[in-house]
Amino acid sequence: MVSRETNELGDFGIPDFRRRFINDSDLRQFEYALSAPEALPLVALNDWGPVHQRVRKPGDRRKPTRRTRDETREGFVYTLVKWPLLAVVLGWLFVLSILYLLTRLYIFIYEHWVTWRGKRQQLRRELRATTTFTQWKKAAKKLDAFLGNDLWRDEDEYAYYNHATVNKVTGQLKLLRAKAEQEELSNGDYATAQSALEELRVVIEGCVKNNFSGVENPRLYSETYFGTKDLVQEYIDEVRRCLQLLLESKSISNENKYTLFKHLDTNFGRTALCLSGGATFSYYHFGVIKALLDNGVLPEVISGTSGGALVAALVATRTDDELRKSLVPSLAYKIRACEEPFTVWIQRWMRTGARFDATDWAEKCSWFCRGSTTFREAYERTGRILNVTCVPSDPHSPTILANYLTSPNCVIWSAVIASAAVPGILNPVVLMMKKPDGTLAPYSFGHKWKDGSLRTDIPLQALNVHFNVNFPIVSQVNPHISLFFFSSRGSVGRPVTHRKGRGWRGGFLGSAIEQYIKLDLNKWLKVLRHLELLPRPLGQDWSEIWLQRFSGIVTIWPRSRPSDLFYILTDPTVDRLALMLQEGQQSTFPKIQFIKNRMKVEKVILDGLKRYTALGEGRHTTATPLPAQSEESIKQGDICQHSVDLLTDRFNPRNYQREADGKWPSSPGTLTPPEEVNGQRHRPRTRRRNSVIEEIRRQSAVFFDDTDDTFPSEDEQPRIFRTRTG
């Protein structure tokens, strides 16, 4: 084993490449938690009634009710028509799928054999051959010039934003900014300058809002390969200059600056990067991260689900410099999740029903999470807010979004493994938390969790509640979803290929047929779900893998290859990871300018918040802090030492010996019975009960479930959140 005191730069130039972050004791505690029996519900009638013995009240002669195991599916008619109706609907879905594939094939042929020819095809190949954003930007401008898109930029009028309002506000901002700069810097008259700055502040508060007058409509960036309307670009640059002036002005008190930027942060909202699941397809996210990082537009709020959670954990636990050195093809040497041969995992699958071993995955995953780092520790180290979606093994409980607010002491690698626990691939696992003494214990009373993509692949609602996120950037690589992603009027940085970007992909009829078939598929999938016709293999409702929101304001879809399906549960080689990095960057380049314009304003607002934060306020004031009682309990170790240690006692296999012979083991490292301390018996403190109550209250505040599947598509309605006013 390589020593922990190795050189900071390991092999291949990757920081801490050979460092082993996790301790063996942490793995043992995780293994104990996995092997522990599930908590049993109490069935006693009172304190004198035994728990495991059936007790009847005197004179209770009621007959047992005749109920099936699933009361929602009982009934003669339901039983009679369920399977015939299911067969008819599935048959129609199969027919619609064939028609959809034929429609997409027609559109593909139309675009590649009719529109992409001659000089246009040559310029497009040059665009695809670029390796950096600077090269891509130059090639995109060249293609726009050939197609005449520069003329579109010059014209202010456009149907998808209010050009008159934007033009008027831009002129007012320029006038007020020039007046304030002249009076403050030239004359030194702070009273007059303060009056000009007050007028500027009023205008800024009125226009710095989410999607003001439609300037953040994705359609404004879907008509050209690079950039948007000149008026929109001028407005965004002017807003940033005015915000910078207000930030640096000496005529405004720090308290007023803090109040201003706090209101602006509430109204403008936050940007988040959401990484989807997708097994080994998730490694395309590395290229997306690299493109955003190299261009300085990587958001602080990052969420990940399933395979995307592993990538998000690497990003959230590394500094920018460490991340740049880690996002290289040699990173493939650290990805060893699927290295076991067929003869090993097939025996495990037949014995346990899962291909992979959770403890083995914890060991391999720990390097990406820097060992047993918690969500709070990762935030304090890098300033990035990591969010991981997990689904409880109980099919009726809502999902959880783990982050430094909802579960600050939860260990990241346990949440990553839980978020990747697909039924049949990995059994549900227990989340772990770090106690004040550094040891691990089961989190959330030892309940087990599984893959977050089964219900909430992209947790838009929870991110909006916790961090005021209203501009989600989604990197989507799920293979069962990529086929159905289709923007009939083009997407950001990828306009329609014919009629100079003003028409419909495949012509109007081609796009109309595609939309109709896709909507009909969605309708019949909802029929299956609402009528409860689908079977539930492995106890899971699988309809949610289709009927949930998979896109954001900006959606990045790396172009996968057919061979990726063959390697879906295989570790990537260095060459294959290099191709994934390149494809991820290529898919992100068209979105960079849109994200840059958004981040120009957001970064100044966040800078103002951090610089003039009032005493006692947190860095991210839009988020809801932990309750004071829970925070105090965490600091004092009440929750950890009392409510969690009670679970740890029963999770330790040595404690099973005590139950058999009535004696506690005396070997080193065993736990002391909770009623004995230093050889003296005493009653537990009443404070323990309060700690459990506080833990329950805190846990009840972290559950969020994105059940709204009625969001419009990206083409129908690009804005998904209302503007917050504060």
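Which residues in H10 meet which residues in H21? The answer comes below, after a short tour of this predicted model, in which local features need pLDDT of at least 70, side-chain atom pairs count only at pLDDT 80 or more, and totals for chains, interfaces and linings use all residues. Residues are numbered from 1 along each chain as its sequence is written, and side-chain values use heavy atoms, leaving out hydrogens and water.

**The whole protein**
- The secondary structure comes to 26 helices and 12 strands, where helices (H or I, at least four residues) and strands (E, at least two) are DSSP runs numbered from the N terminus.
- Of its 726 residues, 52% count as buried (under 20% relative accessible area, with a 1.4 Å probe and protein chains only).
- Take the contacts (heavy atoms within 4.5 Å) between residues at least 6 apart in sequence: 79% of them join residues at least 24 apart.

**Helices H10 and H21**
- Helix H10 covers residues 284-294 and helix H21 residues 574-588; they pack at an angle of about 50°, with their axes 6 Å apart.
- Axes here are lines fitted to C-alpha atoms, for helices over the stretch in contact, and angles run from 0 to 180 degrees between N-to-C directions.
- From H10, the residues Tyr284, Phe286, Gly287, Val288, Lys290, Ala291, Leu292 and Asp294 meet Leu577, Met580, Leu581, Glu583, Gly584, Gln585 and Thr588 of H21.
- Sorted by class, this contact of H10 with H21 has eight nonpolar, four polar and three charged residues (Ala, Val, Leu, Ile, Met, Phe, Trp, Tyr, Cys and Pro count as nonpolar, Asp, Glu, Lys and Arg as charged, and the others, Gly among them, as polar).

**Asp144**
- Asp144 lies in helix H4, residues 133-147, and counts as buried because its relative accessibility is 0%.
- Leaving aside neighbours within four places in sequence, Asp144 is in contact with Asn149, Asp150, Arg153, Thr224, Tyr225 and Phe226.

**Leu386**
- Leu386 sits in strand E3, residues 385-392, and is buried, with a relative accessible area of 3%.
- Not counting residues up to four places away in sequence, Leu386 touches Ile302, Ala312, Ala313, Ala316, Phe375, Ala402, Asn403, Tyr404 and Ile412.
- Leu386 and Asn403 are 17 residues apart along the chain, and their C-alpha atoms are separated by 5.7 Å.

How values were computed:
Buried means under 20% relative accessible area, exposed over 50%, partly exposed in between (1.4 Å probe, protein chains only).
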